[in-house]
Structures are given as structure tokens and as C-alpha cells.
Amino acid sequence: MAQKQGPALDPPRPRPLWPVAALARTLWQGEGNLLALLPASAYRVAAGALGYSRRSIILFNDPAVVRQILEDKDGIFPKSDLMVGALEALIGESIFVTDGETWRRQRAMIDPAFSHMRLSIAFKAMSEAVTDQEGRLDQLAASGEPMSLDLAMSHLTADIICRTVFSVSLDVGVARDVFDDFIVFERDVAQVRIARLISDPAWTRVPQKPGVLAACARIRSHLGALIDGHTGTDDIAGAVIAARDASTGEGFSRDELIDQLGVFFLAGHETTASALTWAVYMLASRPDILDRLRAEIDAVAGDGPVSFEHTRRMPFARAVFRETLRLYPPITFMPRVALKPARIGGRTLRRGALVMIAPWTLHRHKSYWQEPDRFDPDRFLPEGEAVQTPGAFIPFGAGPHTCVGAGFATAEGILVLARLARRFDFDVSEARGVRPVARLTTRPAREIMCRVRLRHV
Ligand code: HEM
């Protein structure tokens, strides 16, 4: 990652424009990228109407109001129809999209699969996946071939999910098939079509391409095969299969298991892959930060294995990971919909209004962060965290729907960064025009191509 550069530059972001110019840019780029639609004011105001839609779209940036919406004590703001519509062919009635009683039952049955004890068991499987990835990178370092950073990180995090959820590696036939079909899904799924967002009223279905629906059907069938062939009890699938509803004593049906385990695959590998891609990219441009990270790893783990306990004793690696989640929150937006007219944060919402919570704007908001666009991990060392505005950093969401995998993802992120930074230099000097877009997760618009070398010590 040691590509020497001049003064520290802010990492890439869409240039905030006036609203009309932002809309023109978004339509011209034709990527359906909501990030490009955000006007300059979105980084300054506490709340504001977004755009020109027939459907009212309000962005909320005040941490206290955001918390109120996400806690949703009165059941007025469920997950938005746009998000549910994009995901339902894939993960049906999974915990990621449900609300109310259905969600409560699912969450109570799933939480224990991510307990601290399970996490320390999963850590071993994570480490084995990283070892295999190091082997692949060693080969690339020897050959000098360029690689896609995005694809390498997606492959690694998908392998981690397969091993921790199902105890199989990504190279086993069915797991590989799931991964390949997820790439089709991720690339083509339509969450929002900007033109339709402007013209359609609330609860209008966004049609999916036949190719996306076919990929979803194949993924569900592969997941079914993995569930049918599953025997272990120590992994995450084992815990979810064994889970029982406290009141009825019943477990999940086969279809429900496909929904739930599918969401672990989706939410659990795309998100961390996004964060790791941006982290490696930024570290490659900031040798000063990379040196500090390496000094910490060398002091804590030396050349030996990196244990779960070590990851909890690397405050700087944790800070690098969190600062990456601040600048490039993998879940760019958390849309909710107003089920009925409501008044919140000084705004009156009509029924069907799209209520936008955007980690992206909260995390770069001028009222809560100094030099918000600067990559500065020191913000997440204890002294920096002590002065942060509560609720202005929500990469894992907030309230009852907070990410079940936050602890898992944090251990994984620190482990991967520590081990890759210790062993390799990533040269991104040939990557051109890197810019973030909001797809299923926050991704570079085009793959970041890089070269890998063994670290010179
Ligand atoms: C850096 C990595 C990750 C990030 C940034 C992230 C972010 C989030 C966010 C923001 C939410 C809330 C969405 C909303 O309220 O609309 C969420 C929910 C969820 N995440 Fe994660 N996630 C990550 C990793 C994981 C992992 C590793 C897993 C599982 C293996 C996972 C499973 C889930 C599930 C099941 C939910 C739904 C929880 C509920 O609604 O009760 N996530 N995640």
C-alpha cells in the first residue's frame, strides 16, 4: 500500500452542486446514482426536501430526529417500499425488510447466532479465508499482473461469509455459484430509477430485469442446497437452523431459512467488501497513515498469527476502519416511508413521503465534523471519539434494526486490514477517475485496478 504521494488530498466524492445542476448531472451520467443528486445544501441543513419528485422526499440530518425515525416507536416509518421492492425477489420475508411482529420474532431467533462466543469461533474461519487470499495475492505479486481491488475484496468477504455461515469455502461448487449469481444481482438490481422516482407516486413497483429475477431464483436454489446438505452446529447456519421461537417452540421453515441466510450473504459480504475496497484505496494514497497502521500491527502481533484478542488491542486499525465507514458508509441511504401523515423534526410529512436517512450526508455534515471530507483516522481514537456529536456516526444504523453483524464486521475489517497491510503494498497509481456511486452499497463507479507487491521491510 506504500505508494508515495505528495500532500494529503481529500479522497474522491461527487462535487456538491446546485440542485438543478445535480439533477442534470445524475440524469446525464445515467447510473441512477443518488449520491450525484445530493445538492450542496444536503451537507449543511438539518432537514430538506430533495428534488422534484411527485412523491415528496425529505432528507433528515439532525441526529436526534434521525434516531426518532429509526426507533419508530409508533410504527409509522417502516423500511421504504423502494428498498423492499429491490430485495424481495432475493430475500423474501427476511429480517432485513420486515417490520413489526414478524421482525421481532425473527430478530429474537437470529441475535444469538452473532453472540460474542460465536464470533470468537467464526474468527478462526475468517482467518483461514484471509490466509487463502494471501496465497492468491502472493501469486499476483510474483506475476506483476494487475487486479481489480473491488473483485478481490468481494471474493474475500464472500469466502468469509461462506466459511462462517456454512463451513464451506467459496471454491466449493455451490458456494461459487452463489457468488457468481450475486455479482449479476449486485450489478443489475434496480433500487431506484431516477426518472421513475421523479414521476411515480409512492408504492409503485420498480420492475426488475428478467436477468435479475433469474439470478435471484438461482441463488435461492443454491442456498436451499447448502441448507439441505448442512450438518455442522458450530457455524452461523447451525445456530439459525437450531433457533426456536420462544412462544411456539417452532423453528424457521426451509423457505424462511433461505430468506435469512440469503440476507447474511447479501448484507454480510457486499458491505464489508465495499468498506475494505475504500480502506485499501485510501491507505495506498496515504503512506503516513499506513506506516502508523503497520507500526501498531508489528507491535501487537509481530509476524505471528493475528488473534481475535489482538484485533481488540489495535485501536489505530479500528480507527482506520471506522474512518473508512464514515467517509464511505457501505449502506449509503436508509430510506423509510411515512405510512400516514406525520410531523417530525419541524416538517410535516404527507402519507407516502420518502423519509431519507443518509449516513453519507450525516457523516460529512459540516455541523458535526471538522474538515468532513478529510481522511483522518485520529477522529476515532479515544480523544477524538470523546468530542464527537452523538448520533452523527451511524454506519450500522440505529434503533432496533441496528445491524446484527456489526461486531462480526468490525472484527473482520480489522483482521483483514492488519494482515494485508502487514504483508503487501497495493499500488493504485494507475487507477483513474475513481468516484463513489450509491448502488446496493457505496462502490467505485468503475473497478479500481491495482498492482500488488510484497511489502519491503
Ligand atoms: C461493514 C459492514 C456492515 C455494514 C456497514 C452494515 C450496515 C448495516 C445497516 C446500516 C443496517 C440497518 C439498515 C436499516 O436500518 O435500514 C444493517 C442491518 C443488518 N445487517 Fe449489516 N452491515 C454490515 C455487515 C453485516 C454483516 C457481516 C452481517 C451478517 C453476517 C449483517 C447483517 C445484517 C442484518 C441481518 C441486518 C438487518 C437487521 C434488522 O433489521 O434487524 N451486516 N446493516
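Predicted model: local features only at pLDDT ≥ 70, side-chain atom pairs only at ≥ 80, totals over all residues.
Two strands count as paired if DSSP finds at least two bridges between them, and the strands and helices themselves are DSSP runs numbered from the N terminus (helices are H or I with at least four residues, strands are E with at least two). Residues are numbered from 1 along each chain as its sequence is written, and side-chain values use heavy atoms, leaving out hydrogens and water.

Three strands form an open sheet in the order 3-11-8, with antiparallel pairing. Strand 3 (147-148) and strand 8 (424-427) stand at the edges with a single partner strand each, so one side of each has no neighbour in the sheet. Strand 11 (residues 449-454) is joined to strand 3 by two bridges, and here Ser 148 stands opposite Met 449. Strand 8 pairs with strand 11 over four bridges, again in the antiparallel sense; Asp 427 has Arg 451 of strand 11 as its bridge partner.

Now for the empty spaces. Rolling a probe the size of a water molecule over the atoms shows where empty space is left. On a 1 Å grid over the protein atoms alone, a cavity is a set of points where a 1.4 Å probe fits but cannot get out, whereas a pocket is an open set with protein on both sides within 12 Å along at least five of seven lines; lining residues have an atom within 4 Å of a point. Grid points are joined across faces, edges and corners, and a volume is the space filled by probe spheres set on the points.

The structure holds three cavities of 30 Å³ or more, and the largest cavity has a volume of about 650 Å³. It is lined by 35 residues, with Phe 96, Ala 267, Cys 403, Val 404 and Gly 405 closest to its centre. Helix 12 (254-285) gives the most to this lining, seven residues. By class, the lining of the largest cavity has 24 nonpolar, eight polar and three charged residues (Ala, Val, Leu, Ile, Met, Phe, Trp, Tyr, Cys and Pro count as nonpolar, Asp, Glu, Lys and Arg as charged, and the others, Gly among them, as polar).

What sits in the largest cavity? The ligand does, in the sense that more than half of its atoms lie within 2 Å of the cavity's grid points. Around the ligand are 27 residues, the closest being Trp 103, Arg 107, Arg 336, His 401 and Cys 403; a residue is near if one of its heavy atoms lies within 4 Å. Helix 12 supplies the largest share of this shell, five residues. Polar contacts are pairs of N or O atoms within 3.5 Å. An oxygen atom of the ligand is 2.6 Å from an N or O atom in the side chain of His 401. For Arg 336, the distance from a side-chain N or O atom to an oxygen atom of the ligand is 2.8 Å, and for a polar side-chain atom of Trp 103 it is 2.7 Å.

Of its 16 lining residues, Asp 150, Ile 183, Glu 186, Arg 439 and Glu 447 lie nearest its centre. Helix 8 (173-188) gives the most to this lining, four residues. The lining divides into five nonpolar, three polar and eight charged residues.

Key:
Polar contact = N/O pair within 3.5 Å; in protein donor to acceptor, adjacent residues only side chain to side chain.
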